[in-house]
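Visitor: I would like a close look at a single part of this model, the place where the two chains meet. Could you take me through that part slowly?

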Amino acid sequence: MATDAERVRAQRTESFSDRWTQLKYDHNWLGFWFMLPAAAFLLLFLTYPLGLGIWLSVTDTRIGREGGFIGLENFEWLNEDPVFWLSVFNTFLYTTVASVIKFGLGLYLAILLNSHMPWKAIIRAVVLLPFIVPTVLSAIAFWWIYDTQFSIISWTLIEMGWIDENINFLGEPNNARASVIAANIWRGIPFVAITLLAGLQTIPQSLYEAATIDGASRWQMFRHVTYPMLTPIIAVVMTFSVLFTFTDFQLIYAMTRGGPANATHLMATLSYQRAIMGGNLGEGAAISTAMIPFLLAAILFSWFGLQRRKWQQGESDD
Amino acid sequence: MAEVRIRGVRKSFGNVEVIHGVDVDISDGEFVVLVGPSGCGKSTLLRMIAGLERITDGEVMIGGRVVNQMPPKERDVAMVFQNYALYPHMKVYDNMAFSMKLRGAEKSEVDQRVQKAADILGLTPFLERYPRQLSGGQRQRVAMGRAIVRDPQVFLFDEPLSNLDAKLRVQMRTEIKELHQRLKTTSVYVTHDQIEAMTMADRIVVMHDGIVEQAGEPLDLYDNPTNTFVAGFIGSPAMNFVRGTVRANGGPARLEAKDGVALPLGDGWSGQDGRSVVYGIRPEHLVLAEAGQRSVESEIAVVEPTGAETLLVSRVAGGEFQAVFRERHAFRPGTRVQLAPLLDKVHLFDAETGQRL
Ligand SMILES: Nc1ncnc2c1ncn2[C@@H]1O[C@H](COP(=O)(O)OP(=O)(O)OP(=O)(O)O)[C@@H](O)[C@H]1O
Ligand SMILES: [Mg+2]
């Protein structure tokens, strides 16, 4: 009897250790455990704030007062609010104009930097400068550049005799919009230019030589070789550029705080103003939440843009 | 079609001159191979003909026109690159049609030319594929197709076969040769492989360190190399060289080498008595000595049978001799054989200048 019991126990431990070895070599099972810490981090630092934001947007929470669930009331409220719609318009204007110009100038700069010229390394480093300076610092610099009395631009133009009085850069709605867009472009170009430059450098020189012999002009080389070979990286860069611009906060907040007359309020700055300054956490969160569909659309767009093109190296043959 | 004349062409990169005055005349319809060791300037010369590299000095003429200042597209040349340089984002058809589309040719004409080239090269089934969906040999063919479609005055090839495996290389060699016989377009072909040069060329130009060592028909170069460089470069296995002094007194003419070894020479060389020379003999011009034949004794080091022939490596006068036999012999390493050079196949070169005597 005793021996039987022992045998059973022995068998059990044996099968247990068997399964253990099996599990040790089971990649899915092991992989799950390896993934867990990363997943926990993501959950904690990404999903939790996002979830909290969305939850707040359907409550009437204020600073210092626990709120209750109110359904879509915040959104209905916002729908009636012309300032909210103005901020949506501003955000789109800001993102579209800035991204298009950043792309154009960035690509031009990248092509310029990719060609042979003296002091190439130094010029490349200089191009990165706007990217390195902290945003708030550059915003303050722009603040001075755009100052109503001491603006260097106004001063130069007056000295040159082009205008008679100072330009009111940040005080007049359309001037202010143009000014903040210009600042955003200045700041965003290095990222676009340097990334596209990296892309340009992956295009083999021999393709250009082949195209030269095939009789392509410089424009035709750009149109038929450079541009198509660059499309994958353009998709990545422009997606990031659009996301950064759409969610911009620092630059605007440091320069105009959304003024004058809300002309430069973006969704992000408006959300901050309503939630933190105004104390209406629920309403601010609703504004932020309203950005999500637009951002998702941008990501989807790039997802399709990023699909492996048939000609690219890699597995999927179709 | 056109002839190509290269007159005193020099090329410097910065202040380093890499091509020191090259003259080559290529007649209409000729297939000329530029051959030479790595870094001798073959590609640079080819790229100067193509217009991809500025000509520092001298003249390049295509079809009677000086093209030094002419942009590549006006030179009417087509080039096949070593890495093929196919446009990865274009299908085979578009790769081949690209140059004609740029020129704004009629769609029907483009189509007809591409189909014809594809037909010649057996590419018809692959026209709708991207380059990455092709094998190395097929890509190579597309690169040639791209050149053929243009129907240029001159084809330029820069080591087009060096990325292929040995078997495919031999096959493509024949195909390119056939293609040339069919199209009769003037061609300049660069390679560092002397077998490729020998088998494909109407005429070979041997380059070395930025100069032309010798130019001529393949067998002429093989039989009458003008110096030790060409003698050693053309032919595989390479020519055997022994340094020594010609002696004609007290017996038949011979070469006295290290360790008192004597190599037989024809009587014609008696006049060179006392001269320091390099003695050259090709491996297939060494035979096993029959009784009474003038020969040199050597010790067998390695025997390499390939089936069709046997390569024998043996030691003579402190150096190595390679000999090739079509018949099968029972050679054993460590034993001695008497090798007899065919006296009328011996080459003598001046020991100082390396020039043929
Ligand atoms: N762009 C360049 N700048 C400076 N030197 C160069 C340049 N291109 C080639 N050279 C030099 O010119 C010489 C000839 O080069 P080339 O490419 O013509 O050699 P090659 O005969 O084609 O050799 P391989 O068989 O290895 O292709 C080499 O010494 C090389 O270092
Ligand atoms: Mg080369």
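Guide: Between chain B and chain A there are 6 residue pairs in polar contact, both residues at pLDDT 80 or more, where a polar contact is a pair of N or O atoms within 3.5 Å, one able to donate a hydrogen and the other to accept it, and where residues adjacent in sequence count only if both atoms are side-chain atoms. On the side of chain B that touches chain A, the elements giving two or more residues are α1 (42-50), α2 (72-75), β6 (77-80) and α3 (92-102), helices being DSSP runs of H or I with at least four residues and strands runs of E with at least two, numbered from the N terminus. This is a predicted model, in which local features need pLDDT of at least 70 and side-chain atom pairs pLDDT 80 or more, while totals for chains, interfaces and linings use all residues. Residues are numbered from 1 along each chain as written, chains are lettered from A and ligands numbered from 1 in the order written, and side-chain values use heavy atoms, without hydrogens and water.

The interface also holds 2 salt bridges, each a side-chain nitrogen of Lys or Arg within 4 Å of a carboxyl oxygen of Asp or Glu; Arg47(B) forms a salt bridge with Glu209(A), their closest N and O atoms being 2.7 Å apart. In all, 24 residues of chain B are in contact with 24 of chain A, with heavy atoms within 4.5 Å. The two chains bury about 2,100 Å² between them, 61% of it on carbon and sulfur atoms, counted as accessible area (1.4 Å probe) lost on being put together, summed over both. In chain B, His89(B), Leu102(B) and Arg132(B) lose the most area to chain A, together 33% of what that side buries.
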